[in-house]
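Visitor: I would like to learn how to read a model like this one. Could we go through it together, feature by feature?

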Amino acid sequence: MNITGISAWLAVPVVAAALASGVAAAPLPPASSAHAPASPPPGNASRGAEVYEAKCGACHSLDANRIGPKHRGVFGRKAGAVPDFHYSDALKKSGIVWNEKTLNTWLQSPVKMVPGTAMGFQLRDAQERADVIAYLKQQSGKH
Ligand code: HEC
């Protein structure tokens, strides 16, 4: 007896039923997704601390320059402003001020935002970006 053949045949109506009910019942995407780039999801600073440790910690810390500049106070500050860190000219001349929106764009793709920057890392997950931005804001004394 061909068991595979029978179970595949049996599965067809099950899948069809799931599609019929599942698709109809699926919630519509939130209307806010239409302008997602301007409105990132709300961030959670304590989850952001873990993201920071795991994804930024290889190059950054709050209080010491490493491959990247130290971060305490970065939120609300002009880009390229840590005096004893050697930034790229591109970032120093960018005129960016770091806030939720600029950090979100930066972390999506530093190279796209500031061609010539020395930071080649991208954080692709929107929630992780929001969380790490909330953490940087908290650690800059901005609540
Ligand atoms: C592979 C190393 C590397 C990783 C990983 C990395 N960065 Fe950077 N970052 C840099 C470098 C290098 C610079 C300086 C860029 C320049 O001078 O153009 C920088 C600059 C920055 C700046 C600008 C700071 C200022 O003083 O203007 C911010 C903000 C920043 N990084 C945030 C992050 C965050 C948040 C993460 C983790 C999600 C992260 N970076 C991960 C290397 C890294």
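Visitor: Let's start with one side chain. Which residues does Tyr135 touch, leaving aside those up to four places away in sequence?

Guide: Tyr135 touches Ala45, Gly48, Ala49 and Tyr52. Keep in mind that this is a predicted model.

Visitor: Which residues of the largest nonpolar core touch the most other members?

Guide: First the general idea: in soluble globular proteins, nonpolar side chains tend to be buried together. Here the largest nonpolar core has 19 residues, and those touching the most other members are Tyr52, Trp98, Leu103, Val132, Ile133, Tyr135 and Leu136. At least two residues of this core come from each of α2, α4 and α6 (126-139). With six residues, α6 gives the most to the core.

Visitor: How much of the chain counts as buried?

Guide: Of its 143 residues, 22% do.

Visitor: And what is the secondary structure of the chain?

Guide: The chain has six helices and zero strands, so read from the N terminus the order is α-α-α-α-α-α. As for contacts between residues at least 6 apart in sequence, 56% join residues at least 24 apart.

Visitor: Now the ligand. How many residues surround it, and which are the closest?

Guide: The ligand is surrounded by 26 residues, with Cys56, Cys59, Gly68, Ser88 and Met119 the closest. Two or more residues of this shell come from each of α2 (45-56), α3 (89-92) and α4 (100-108).

Visitor: How do the shell residues divide into nonpolar, polar and charged?

Guide: There are 20 nonpolar residues, five polar ones and one charged.

Notes
Residues are numbered from 1 along each chain as its sequence is written. This is a predicted model: local features need pLDDT of at least 70, side-chain atom pairs count only at pLDDT 80 or more; totals for chains, interfaces and linings use all residues. Helices (H or I, at least four residues) and strands (E, at least two) are DSSP runs, numbered from the N terminus. A residue is buried if 20 or more other C-beta atoms lie within 10 Å of its own, exposed if 12 or fewer, and partly exposed in between; C-beta atoms are placed from the backbone. Two residues are in contact if their C-beta atoms, placed from the backbone, lie within 7 Å. A residue is near a molecule or strand if its C-beta atom, placed from the backbone, lies within 6 Å of it. Ala, Val, Leu, Ile, Met, Phe, Trp, Tyr, Cys and Pro count as nonpolar, Asp, Glu, Lys and Arg as charged, and the others, Gly among them, as polar. A nonpolar core is a set of buried Ala, Val, Leu, Ile, Met, Phe, Trp, Tyr and Cys residues joined through C-beta atoms within 7 Å.
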